[in-house]
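Here is a short briefing on one protein chain. Keep the sequence and the 3D view open while reading.

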Amino acid sequence: MIPKAIYEDCRRKNKKFSIAWIDYQKAFHNFPHSWVEKSIELVGVNSKIVRFCKLSREKWKTRLILKTKQEIMQSQPIQIRRGIFQGDSLSPLLFCIALIPLTKELNRTDCGYQVHGTERKISHLLYMDDLKLLGRNENDLKNETKNCANK
């Protein structure tokens, strides 16, 4: 695990580092459809697939059903305007693609921890909706969290 390797590097060299954990609550539910579409365009997905995804999302609807002892009541179709389906096989991929711009922005900062013997700094670790920010100090983390809040 990278955090453990960084911890060991710090301990051996008597260096400090800072780490912050961010868990995006209801991350799958909150993505605007326009951002998902823009993100897949930015990574160079074929325009026909982008169009297919857009047209598919426009048709996403659900109904509310209430079963009582006497009857079953059903709402009119409700248009889904935000988010991606957590159970859908394409959704995890779309979610990861939608986070690529955040990852690129965090990589552009001068923040992060440089492990001895490597050239590149590790500024963050991202797995689905869990984000770990790594820095040399609290100021690094403040700069990184500002980037996260602005994206």
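N107 is found in helix α5. The model is predicted. N107 counts as partly exposed because its relative accessibility is 36%, between the 20% and 50% cut-offs.

**N107 and its surroundings**
- Beyond four places in sequence, N107 touches R120, S123 and H124.
- R120 is 13 residues from N107 in sequence. Their C-alpha atoms are 9.6 Å apart in space.

**The sheet**
- The order of strands is β1-β9-β8. These 3 strands form an open sheet, and the pairing is antiparallel.
- β1 and β8 each have a single partner strand and stand at the edges, so one side of each lacks a neighbour in the sheet.
- From one strand to the next, the twist averages 10 degrees.
- Helix α5 packs on the sheet and touches β8 and β9. The direction of α5 makes about 170 degrees with that of β8.

**Strand pairs**
- β1 and β9 are joined over 6 bridges in the antiparallel sense. In this pair, I19 stands opposite L134 of β9.
- β8 covers residues 124-127, and β9 covers residues 130-135. They pair over 4 bridges, again in the antiparallel sense.
- Across from L126 stands L131 in β9.
- β8 and β9 make a hairpin with 2 residues between them. In its turn, M128 has a positive phi of about 50 degrees.

**D130 in strand β9**
- D130 has its place in strand β9.
- Its relative accessible area is 38%, so D130 is partly exposed.
- Leaving aside neighbours within four places in sequence, the contacts of D130 are I22, D23 and L125.
- K67 lies 63 residues from D130 along the chain. The C-alpha atoms of the two are separated by 37 Å.

**S18 in strand β1**
- S18 belongs to strand β1, which runs over residues 18-23.
- S18 counts as buried because its relative accessibility is 13%, under the 20% cut-off.
- The S18 side chain reaches the backbone nitrogen of E138 at 3.5 Å.
- Not counting residues up to four places away in sequence, S18 touches L133, L134, G135, R136, N137, E138 and L141.

**Nonpolar cores**
- The largest nonpolar core has 23 residues. F95 and L133 have the most contacts inside it.
- At least two residues of this core come from each of α2 (27-30), α3, α4, α5, β9 and α6 (138-150).
- Helix α5 gives the largest share of this core, 7 residues.
- Which residues does F95 contact, leaving aside its neighbours within four places in sequence? They are A27, F28, F31, I84, M128 and D129.
- Another core, of 5 residues, lies apart from the largest one. Among its members are I6, Y113, V115 and L134.

**Helix α3**
- Helix α3 spans residues 33-42. Its buried residues are H33, V36, E37, S39 and I40.
- These residues are on the same side of α3 because they cover an arc of only 160 degrees around the axis.
- The face turned away from the buried side of α3 carries the exposed residues S34 and L42.
- The buried residues of α3 pack against α4 (47-58) and α5 (91-108).

**N14, a backbone exception**
- N14 is not a glycine, yet has a positive phi of about 55 degrees.
- Where is N14 found? N14 is in the loop between α1 (2-13) and β1.
- N14 has a relative accessible area of 73%, so this residue is exposed. The cut-off for exposed is over 50%.

How values were computed:
Residues numbered from 1 in each chain as written. Predicted model: local features only at pLDDT ≥ 70, side-chain atom pairs only at ≥ 80, totals over all residues. Heavy atoms only, no water. Pairing = 2+ DSSP bridges. Buried < 20%, exposed > 50% of the residue type's maximum accessible area, 1.4 Å probe, protein only. Polar contact = N/O pair within 3.5 Å; in protein donor to acceptor, adjacent residues only side chain to side chain. Contact = heavy atoms within 4.5 Å. Arc of directions from axis to C-beta. Core = buried A, V, L, I, M, F, W, Y, C linked by side-chain atoms within 4.5 Å. Axes fitted to C-alpha atoms, helices over the stretch in contact; angles between N-to-C directions.
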